[in-house]
Amino acid sequence: MRATVAEKREVAKGTLFVLFAVENYPDYRPGAYFWIELPDRGHTDEKGLRRHISLATSPTEPGVVGLATRLRDTAFKRTLTELEVGDEVQVEEPKGSFLLPEDMSGEYVFVAGGIGITVFRSMLRFIADEVLPYRVALVYSNRDRESAAFLDELEAIERRADGVSVILTMTDDAGWSGETRHLDAEVLAELVGGLEEKTFLVAGPPQMTEAVAASLTDAGLPEERVLADKFSGY
């Protein structure tokens, strides 16, 4: 399906957010991913110009779909950087199973590492826009503030969504006076007031995601309350 670049902006150091205008895009639940294929601009490598990546946008943003990605030296990301507003790409329908839970009565902890925040940006914006009664603590870990995407927007969501709280950790920021530890079950229990009766959704680089999920299950949480995004298309 045809889409065109509508907006590009840097949302953190080395992180690009791109919005694509698209008509009649299928409805989706926050957390979904999509396939996108970029036009040939002369950059090639073995991975090519077609990629699956989390929808960083919410279903409450009509007429657009978006992604955010760390900029790396790949053909896909070099091409994405060079695209201009109005350039055409191809997108496919939303997919995936790592979705915002439908049960609004539970207590949730979203654990984001780095660019893993994209999937939670979609979920939290949906919750805030629809004024839904979810109770969510977002624990967002980065190296430093300048590399943390969507900080201003997340803080704005926290202000307007009564059930959402945002907890930041920076593991290598000399000017940061808050939490600096790497995340595991013990640290998370301290930050969110215990593990009991909570469901954890974890997204980020694969190594981080697997380690946090394993730590939570090792701490005694049943597997159905630890949902890890195995998807690595960031």
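This is a predicted model: local features need pLDDT of at least 70, side-chain atom pairs count only at pLDDT 80 or more; totals for chains, interfaces and linings use all residues.
Trainee: What is the phi of glutamate 197?
Mentor: Good one to check in the backbone. Glutamate 197 is not a glycine, yet its phi is positive, at about 65 degrees.

Trainee: On to helix packing: are α2 and α3 roughly parallel or roughly antiparallel?
Mentor: Two packed helices are described by the angle between their axes and the distance between the axes. Here the axes of α2 (residues 117–130) and α3 (residues 151–160) come within 10 Å and cross at roughly 30 degrees. Angles under 35 degrees count as roughly parallel. The two helices, α2 and α3, are therefore roughly parallel.

Trainee: Is the crossing of α2 and α3 left-handed or right-handed? And how many nonpolar and charged residues are in the contact?
Mentor: For the handedness, α2 passes α3 in a left-handed crossing. On the α2 side the contact is made by Ile117, Arg121, Leu124, Arg125, Ala128 and Asp129, and on the α3 side by Glu153, Leu154, Ile157 and Arg160. Sorted by class, the contact has no polar residues, and the counts you asked for are five nonpolar and five charged.

Trainee: Zooming out, why is the protein chain as compact as a globular protein of its length?
Mentor: The secondary structure of the chain comes to five helices and 11 strands. For 234 residues the globule rule gives 17 Å, and the chain is as compact as a globular protein of that length because its radius of gyration is close to that value, at 18 Å.

Trainee: What does the C-alpha trace span along its principal axes, and what percentage of the residues count as buried?
Mentor: The C-alpha trace spans about 50 × 35 × 30 Å along those axes. Buried means under 20% relative accessible area. Of the 234 residues in the chain, the share that counts as buried is 53%.

Trainee: Last one: among contacts between residues at least 6 apart in sequence, what percentage join residues at least 24 apart?
Mentor: Within that set of contacts in the protein chain, the share joining residues at least 24 apart is 71%.

Notes: Residues are numbered from 1 along each chain as its sequence is written. Side-chain values use heavy atoms; hydrogens and water are left out. Axes are lines fitted to C-alpha atoms, for helices over the stretch in contact, and angles run from 0 to 180 degrees between N-to-C directions. Helices (H or I, at least four residues) and strands (E, at least two) are DSSP runs, numbered from the N terminus. Angles under 35 degrees count as roughly parallel, over 145 as roughly antiparallel, 65 to 115 as roughly perpendicular and the rest as oblique. A crossing is left-handed if the near helix is turned anticlockwise from the far one by less than a right angle, and right-handed if clockwise. Contact means heavy atoms within 4.5 Å. Ala, Val, Leu, Ile, Met, Phe, Trp, Tyr, Cys and Pro count as nonpolar, Asp, Glu, Lys and Arg as charged, and the others, Gly among them, as polar. The radius of gyration is taken over C-alpha atoms; the globule rule is 2.2 Å times the number of residues to the power 0.38. Buried means under 20% relative accessible area, exposed over 50%, partly exposed in between (1.4 Å probe, protein chains only).
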